[in-house]
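Reader: I would like to learn how to read a few features of a structure. Please take them one at a time.

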Amino acid sequence: MTAQPRVTAPAPDLVRTTRSGEVRGVRERDVLAWRGIPFAAPPVGRLRFRAPQPPVPWAGVRDASRFGPAAPQDRVQFVGVDATTPLSEDCLTLNVIAPDGTAPGDGLPVLVFVHGGAYSVGSSREFPRQGETLVREGGIVYVSLNYRLGAFGYLDFSHWATDDRPFDSNLGLRDQVAALEWVRDNVAAFGGDPDRVTLSGESSGGNAVTTLMTVPRARGLFRGVVAQSAPPNAIYPPAVTQRWAGEFLELLAHDLSDDDLEATSVDDAADLLAGAPTTAIVRAASRLQLRTPDEDPGTICFSPVIDGDFLPERPLDAFKAGRAHPVPLVIGTNDREGSVFTGRRDILATTKPRIRAIFAATEKKARKAIKRHYPGLPDRPAALDFGGDYAFWFPSVKVAERHAVHQDVRFYRFDATTRILRTVGVDAFHGLELWAIYDRMGSAFGWAMSLLGGRRAFLRTAARTRSRWLEFVRTGAVADWPTYDPHRRRTLIIDVRDRVEHDPRGERRRAWQDFVPHV
C-alpha cells in the first residue's frame with residue numbers, strides 16, 4: 001500500500017507550488033532544500049512494469065524535508081545502499097537544492113544529476129549533501145532523482161505482455177524523461193530556469209545521459225550534457241534483452257518454488273511478474289547479474305534496449321549520423337576506470353575466460369596490437385585496465401569524436417589521486433571524480449584516502465574542476481578548455497597541474513579501433 005504524503009502547516013518562505021500541489025522545504029547549511037517530491041505516480045499495482053504516469057495530486061502542503069525511499073535493490077551485491085535506507089517500489093521522487101534567498105522566477109541555471117550503480121543499485125540520497133557545494137559556489141539549482149533499477153527498470157518484458165497485462169520497455173529511461181519533464185514544468189517555482197538545464201550523470205548515469213541525447217522524447221529538455229565515466233555502448237537489441245528477461249523469469253519462478261510453472265509462456269509470465277514479491281524480484285535480478293559477465297562477457301544485463309520506439313537506434317549510430325540532440329557535451333573518463341572492479345564489483349571483462357571470449361571475436365592482428373598496450377594481459381592489473389577501457393574509455397572516445405562533428409565537445413581524463421590510492425594500486429579509479437566535483441572529501445572515505453598525504457593538492461584540483469563544471473552549467477562552454485575534434489583530439493588532463501594534451505594514448509586508441517571496429 002502506498003504511503004500517504006506527509007502534510008504539514010505551511011512556512012511561507014519555504015513553500016513552493018508544483019503542478020501537483022504545494023511542498024515545504026528546509027533551510028540548512030546556507031541552502032534551501034526540497035526532498036522526496038513525486039515526479040510520477042507510484043509504479044505499483046497495475047503500474048508495475050509500465051511507463052511512468054503523472055504524479056497523484058495532493059491537498060495541503062506536503063512535507064519535503066526528507067528523502068524518499070530508494071528503488072528496490074540488493075544491499076550487498078555491487079555495494080548497494082546501506083541498511084538504514086528504506087526501499088520501496090514507490091520510489092519515483094526527486095530533490096531540489098537552491099541557494100538560500102532564491103525566489104520563484106529567479107531564473108538560475110539548473111543541473112540535473114542521474115546517479116550511477118550499474119542500473120542495479122544506488123539512489124539520490126546516497127550522499128545526502130551532494131550538490132550543496134555546487135549550489136553555494138555557483139548560484140545554481142541542483143536536482144537529483146531516483147529511477148527504477150534492476151529488473152524493475154532495465155529488463156524488457158514486452159515480449160510477455162498481454163492485453164490484460166501490458167508491459168513497457170526502457171522503464172528506467174522513461175523515468176528519467178519523466179523527471180526532466182517535471183523539471184521543465186516546475187523548476188521555475190524553485191528559482192530555476194527550465195530553458196537552462198544541464199543534464200549530468202556518472203557511470204550508468206553517464207550511460208543514461210548519452211542515451212537520452214538520442215531519445216526523441218527527451219529533445220528540448222536540456223541544453224547541455226556532462227557524461228562522467230559512461231559506458232555508452234551498453235545498449236542492446238531486443239534479441240539479447242529478451243533472452244536475459246527469459247532467464248530472469250526462470251530464476252524468479254525457481255525462487256518462488258514454482259518450478260512447474262511455464263515461466264516463459266506469455267500468460268504465466270505476466271501473472272508471475274504481476275504477483276511476485278518485491279524481494280523475490282530483487283533476488284532473481286541479483287542472480288542474473290552475477291552470471292551475465294561470464295555467460296556474456298563485456299555486457300551489462302541491466303541496460304536500455306533498442307526498442308525501435310522510445311529508443312529507436314543504437315546511440316553510437318545516432319551520434320555518427322548527427323541525429324543526437326544538438327547540445328554541447330562534456331565527456332570523459334578517469335585514468336584507471338577498471339582498477340576497482342573486483343569482488344562485489346566484478347562485472348567487467350577482467351578475467352581470463354571473459355577476455356578470451358572477447359578476443360575470439362576479433363582478428364589475430366588486432367589481438368596482438370591490443371595486447372602490446374596491456375603488458376601482462378590477461379593477468380591483473382592489466383586485465384582491470386583492459387576491462388575498464390573496453391567498457392568506459394574507448395566508447396566515450398567514440399561518442400566524443402562523433403558528436404564533435406556536429407556540436408561543441410570537451411573531453412577530459414581525470415588523473416588526480418592521492419598517495420594512499422597509488423600505494424594500494426587503484427590510482428584515479430572509477431567514480432573518484434565524484435569526490436572532487438561533489439565535494440565528498442569530508443566523508444569517511446574522503447578522509448581515509450588522505451591518510452598518507454595529498455589531500456590539499458586534491459582539494460585544489462577539486463575546486464578547479466567544480467569551477468569548470470559550473471561554468472559549463474551557466475554558459476554551455478568553458479573558456480580555458482579547448483573543444484575536442486577528431487583530428488587534434490585536445491583533451492583536458494585533470495591532475496595536480498591541469499594540462500591539455502593532443503590525442504593522449506593515441507596509439508592505444510588506434511589499436512582499439514582495429515580491435516572493436518563495430519563500436
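Reader: Which residues does E202 touch, not counting those up to four places away in sequence?

Author: First, the ground rules. This is a predicted model, in which local features need pLDDT of at least 70, side-chain atom pairs count only at pLDDT 80 or more, and totals for chains, interfaces and linings use all residues. Residues are numbered from 1 along each chain as its sequence is written, and side-chain values use heavy atoms, with hydrogens and water left out. Contact means heavy atoms within 4.5 Å. On that basis E202 touches F113, V114, H115, G116, Q228, S229, H430, G431, E433 and L434, leaving aside residues up to four places away in sequence. E202 itself sits in strand 10, residues 192-202; helices (H or I, at least four residues) and strands (E, at least two) are DSSP runs, numbered from the N terminus.

Reader: Is E202 buried or exposed, and what is the nearest side chain of opposite charge?

Author: Buried means under 20% relative accessible area, exposed over 50%, and partly exposed in between, using a 1.4 Å probe and protein chains only. A salt bridge is a side-chain nitrogen of Lys or Arg within 4 Å of a carboxyl oxygen of Asp or Glu. For charge, Lys and Arg count as positive and Asp and Glu as negative, while His and the chain ends are not counted. E202 is buried yet has no salt bridge. The nearest side chain of opposite charge is R440, 6.6 Å away.

Reader: How many salt bridges does the whole structure have?

Author: A search finds 39. One of them joins R505 to D335, with the closest N and O atoms 2.4 Å apart. That pair links distant parts of the chain, 170 residues apart: R505 lies in the loop between strand 15 (499-502) and helix 16 (506-515), and D335 in the loop between strand 12 (329-334) and helix 9 (352-360). R505 is partly exposed, at a relative accessible area of 29%.

Reader: Where do K398 and E401 lie, and how many residues apart are they?

Author: They are three residues apart in helix 11 (residues 382-403), so about one helical turn separates them. Another salt bridge, 2.8 Å from N to O, pairs E501 with R499. Here E501 is partly exposed at 25% relative accessibility, and R499 is partly exposed at 33%. Salt bridges can also form a network, as with E28, R29, R35, E132 and R136.

Reader: How many disulfides are there?

Author: A disulfide is a covalent bond between the sulfur atoms of two cysteines. The rule applied is a pair of cysteine sulfur atoms within 2.5 Å, and the count comes to zero. C91 is in no disulfide, the nearest cysteine sulfur being that of C301, 18 Å away. C91 is buried, with a relative accessible area of 0%, and C301 is buried at 3%.

Reader: Which residues touch the most other members of the largest nonpolar core?

Author: A nonpolar core is a set of buried Ala, Val, Leu, Ile, Met, Phe, Trp, Tyr and Cys residues joined through side-chain atoms within 4.5 Å. The largest has 116 residues, and F157, F222, F248 and F386 touch the most other members. Apart from it lies another core of 44 residues, including L134, V330, F414 and M449.

Reader: How many residues of helix 3 are buried?

Author: Helix 3 is mostly covered, with 14 of its 16 residues buried.
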